[in-house]
Amino acid sequence: MAEITLSHLAHSYFPRPTEDSQFALKELDHVWQDGQAYALLGASGCGKTTLLNIISGLIRPSQGQVLFNGKDVTDLAPEARNIAQVFQFPVVYDTMTVRENLAFPLKNRRMDPDYIAARVQAIAEMIGMEAVLDRKARGLTADAKQKISLGRGMVRRDVNAILFDEPLTVIDPHMKWELRTQLRTLHREFGHTMIYVTHDQTEALTFADQVVVMHEGRVVQMGTPQELFERPAHTFVGYFIGSPGMNLIDAGIEGTRARIGDATVALGAAYGTLTGRTRIGIRPEYVTLTDGPGLPVTIRRIEDVGRHRIVRAELFGQPLNVIAEEGAPLPSGAPHVSFAPEKINVYADDWRVEGEAA
Ligand SMILES: Nc1ncnc2c1ncn2[C@@H]1O[C@H](COP(=O)(O)OP(=O)(O)OP(=O)(O)O)[C@@H](O)[C@H]1O
């Protein structure tokens, strides 16, 4: 298992990039801790696969170094990095049985046959394939083949890291949950450094200790699921995480208050002079609908999504979503909203500003 250092790393697919926009991966400097489970999360095209492929050695970065446990591996081929990889689509040997496929990485390393047999059995149980261990992989469904790929990716305990690139894409929805939970259990048991690429926030938040959020080639935040929810470092994180995402409202920031339209709201901290576009961010979970006092809103639509209702409203011409608990009464008169001050984040030109104790 390894600690992975990404030192002044950046990548462009252009041979001689001349501007920032030509970098698929903008410069980053990180240490990813040994034994942690990371998710790389972001929309399509934001650079997740590029970063994963740099870590695995499939791509040589145009700038910077990759170090495993302090050793520079930037110029090492994937085979020399001692990593396991699971791709979006299954990679299995059709002429081999399921058992032989799972045992392959261990046999290659000439492990003890008893150890191989026990390990293959444990992995087969994890992926729910004990009953078909002696069947040839040919003829199995894509779903089953991908489970073999996952199992083979996890069969070795001595790898530096296990890299997953959207591994559950072809898996049946109800099995997805099961496999993700199994991956978590396995991670707790063996403490592998795991990196899991996905564009699905649920997958990222349920799998990872640390979620690395990428946006337009940049890592905009690295944090626990709770940090991403409570204190998004960038408006993209606020918008991307949560359902619906964080409300972002244009506001003038005046010390401990924010001015929206002709009203002001109390903030949980004090802010100095801010420049650029200033907004406050408040999660729909932390907005309360009242009959007043508060800020006047117009309710446009109410969506009942089972566990709660999403109220789509408008506040001084800006959209505002509110999550109202199932069964909680909605305002009978003129609707207003109030915000929990300590739950308000302040942004200047998309980046979160840390306030000072008020
Ligand atoms: N081989 C390549 N040559 C040129 N440009 C590339 C190449 N691979 C990726 N890109 C570009 O680099 C950027 C990042 O792509 P990347 O595949 O890393 O993103 P991603 O977040 O993994 O997206 P997806 O989820 O769609 O795979 C995109 O603009 C993409 O078009």
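Why is helix α1 largely enclosed by the rest of the structure? Eight of the nine residues of this helix (residues 48–56) are buried, so the remainder of the structure largely encloses α1; buried here means under 20% relative accessible area, exposed over 50%, and partly exposed in between, with a 1.4 Å probe and protein chains only. Helices are DSSP runs of H or I with at least four residues, and strands are E runs of at least two, numbered from the N terminus. The model is predicted, so local features need pLDDT of at least 70 and side-chain atom pairs count only at pLDDT 80 or more, while totals for chains, interfaces and linings use all residues. Residues are numbered from 1 along each chain as its sequence is written, and side-chain values use heavy atoms, without hydrogens or water.

Among the buried residues of α1 are Lys 48, Leu 51, Ile 54 and Ser 56. Directly after the helix comes Gly 57, with a positive phi near 100°. Leu 58 then sits in the loop between α1 and β4 (63–68), and its 48% relative accessibility is why Leu 58 counts as partly exposed.

A pocket is an open set of points on a 1 Å grid over the protein atoms alone, where a 1.4 Å probe fits, with protein on both sides within 12 Å along at least five of seven lines; lining residues have an atom within 4 Å of a point. Of the 19 lining residues, Ile 83, Ala 84, Gln 85, Pro 105 and Arg 156 lie nearest the centre of the largest pocket. Strand β6 (83–86) gives the most to this lining, with four residues.
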